[in-house]
Amino acid sequence: MKSRSIGFRLAAWYFAVFTCGLAIFSVAAWFAMRASVYHAIDDELRDRVRGVTQFMENQISSLSLLEIRDEFREHSVLGPGGDLFQVCDQQGQWLYRSVSLENANVAITLPASLSTPRFQDLQIQKHWLRFYSQRIVVNGKAYTVQVASLMNEAYEALERFRLILLLATPLLLILASAGGYWLSTRALSPVDDISQAAQRISIENLEDRLNVSKTGDQLQRLSETLNAMLARLGSSVRRMKQFTADASHELRAPVSLIRTSAEVAVQKRDRPAGEYLQALDEILEEAERTSQVVDSLMLLARADSGKEVSEASVADICGIIRGAADQGEKLARNHNLNFLAQIPEGPIWIQADTDALRRVLLILIDNAAKYTPSGGSVGVRFEARDGFAIASVSDTGIGIAKEDVAHIFDRFWRADKARSREQGGAGLGLSIAKWIVEMHRGSIDVESEPGKGSTFHVRVPLTSNEKDR
Ligand code: ADP
């Protein structure tokens, strides 16, 4: 089924709710009107019986039956509804009977059978009448007084009211529904504007933003949320583009080197075997470097896609650092550096992917060795403090300029491009290290002074729960 617009659905709901409300209101109003009409008429009938009773109590002993009838007749001419009135005694003898009731021969209940006052609605010769009969006792004798009121006007008024309700209800419904539809489409038109503006934004113009009307309502929040989302998407896309450009650039250099070495070797035939071997050595070296960059890129790509999940288990961090330090020592020796490791016996437990964490330390030791001139020192230290295992790798190397510290964990970032490339770095080591440390819910930072050296600190939470071990 084709789904309708929100504006239409809102108007439909509004119509349904309004219809129910109006129907309930109309029925209630009609019944309330009817009850109030009956109430007024019944009060008047009761008053008339009260008047007759008072008259009889005052006059019955002093007047004869004929005089009483005359008095009643007079009253019937003067009083409202006076011609609709009759009184009988306990034997059924008429004390008085107005002409119209006599003509219509309206029956009356004897006082003995009328324990409680009674209302009756009767139709007599096209006229609707409401009768009220009450038993009264005057001077020890019981009588039935019956009065009536012509209901035609009241019924006509009620009928008119019913017609007004029947006509007004659909009219109101139509007006209210049209108003509801107009209101809902008006209220939702900014949403259309927002979606049209959002449709115009694509990957080419991610810098564009939606207009934010300062209304302080949900629509303002919606525009702001979409703008914030666009900003996040924009920066991700920028990073992706940068990453792709850097990666291609990084791969182009070794590939062209490989190509050049191969071309030079092929161009001149009949060279001594030593020259071929040298060319092959260069090719191999560049191929190794390229495959390292490709490995790092693939690792980061998997990290970005969230597919690279580290297998964390309880491990002794002292053991991990010691393993890395052993490898680091050899590296330092190759670079003519002093190496100092201060690692406690342990065990000190953490939740870790052992290989990944060892890789972090190797990246740091490798950097320390790369960026420290020969004769300098590289140190690895460990301490457990404030619930964290803290491994530090320090060197007495070239250091990092203050303004560069903020960038060293960015992908492909190198302080000295030429020098770093010469040493085999693609600027990916620290970004991989940072990602691994963050996977361990830890952090990595650096203190450095240009010309004096750098110290990298890796913090990983200690395992606090005995059960984890
Ligand atoms: P690279 O492969 O170039 O070493 P990294 O991501 O490991 O890439 O490091 C990024 C940059 O940070 C390096 O190019 C270098 O400029 C700087 N850097 C990293 N470690 C050190 C260090 N111990 N001393 C001085 N500079 C460093």
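## Exercises on pockets, cysteines and a helix

The structure holds zero disulfides. The model is predicted.

### Exercise 1: The buried residues of α7

List the buried residues of α7, then say what covers them.

*Solution.* 
- Step 1. Find the buried residues. They are Ile317, Cys318, Ile320, Ile321, Ala324, Ala325, Gly328 and Ala332.
- Step 2. Think about the helix. An α-helix has 3.6 residues a turn, so residues three or four places apart point the same way.
- Step 3. Look for the cover. The strands β6 (313-316), β7 (338-342), β8 (349-352), β9 (377-385) and β10 (388-395) are included. The helix α8 is included as well.

### Exercise 2: The largest pocket

Describe the largest pocket by its space, its lining residues and their classes.

*Solution.* 
- Step 1. Start with space. The largest pocket holds about 1200 Å³.
- Step 2. Turn to the lining. It has 43 residues, and Asp366, Asn367, Lys370, Gly425 and Gly429 lie nearest the centre.
- Step 3. Trace the elements. α6 (273-305), α7 (317-334), α8 (354-370), α11 (429-439) and β12 (453-461) each supply at least two lining residues. α8 gives the most, with eight residues.
- Step 4. Sort by class. The lining has 18 nonpolar, 14 polar and 11 charged residues.

### Exercise 3: The second largest pocket

Describe the second largest pocket by its space, its lining residues and their classes.

*Solution.* 
- Step 1. About 440 Å³ of space lies in the second largest pocket.
- Step 2. This pocket is lined by 16 residues, with Arg239, Phe243, Asp304, Asp410 and Arg411 closest to its centre.
- Step 3. α5 (218-267), α6 and α11 give two or more residues each to this lining. The largest share is from α5, with six residues.
- Step 4. The classes are six nonpolar, three polar and seven charged residues.

Technical notes: Residues numbered from 1 in each chain as written. Predicted model: local features only at pLDDT ≥ 70, side-chain atom pairs only at ≥ 80, totals over all residues. Heavy atoms only, no water. 1 Å grid on protein atoms, 1.4 Å probe; cavity = no way out; pocket = protein on both sides within 12 Å on 5 of 7 lines; lining within 4 Å. Points joined across faces, edges and corners; volume = space filled by probe spheres on them. Helix = DSSP H or I, 4+ residues; strand = E, 2+ residues; numbered from the N terminus. Nonpolar A, V, L, I, M, F, W, Y, C, P; charged D, E, K, R; others polar. Disulfide = S-S within 2.5 Å. Buried < 20%, exposed > 50% of the residue type's maximum accessible area, 1.4 Å probe, protein only. Contact = heavy atoms within 4.5 Å.
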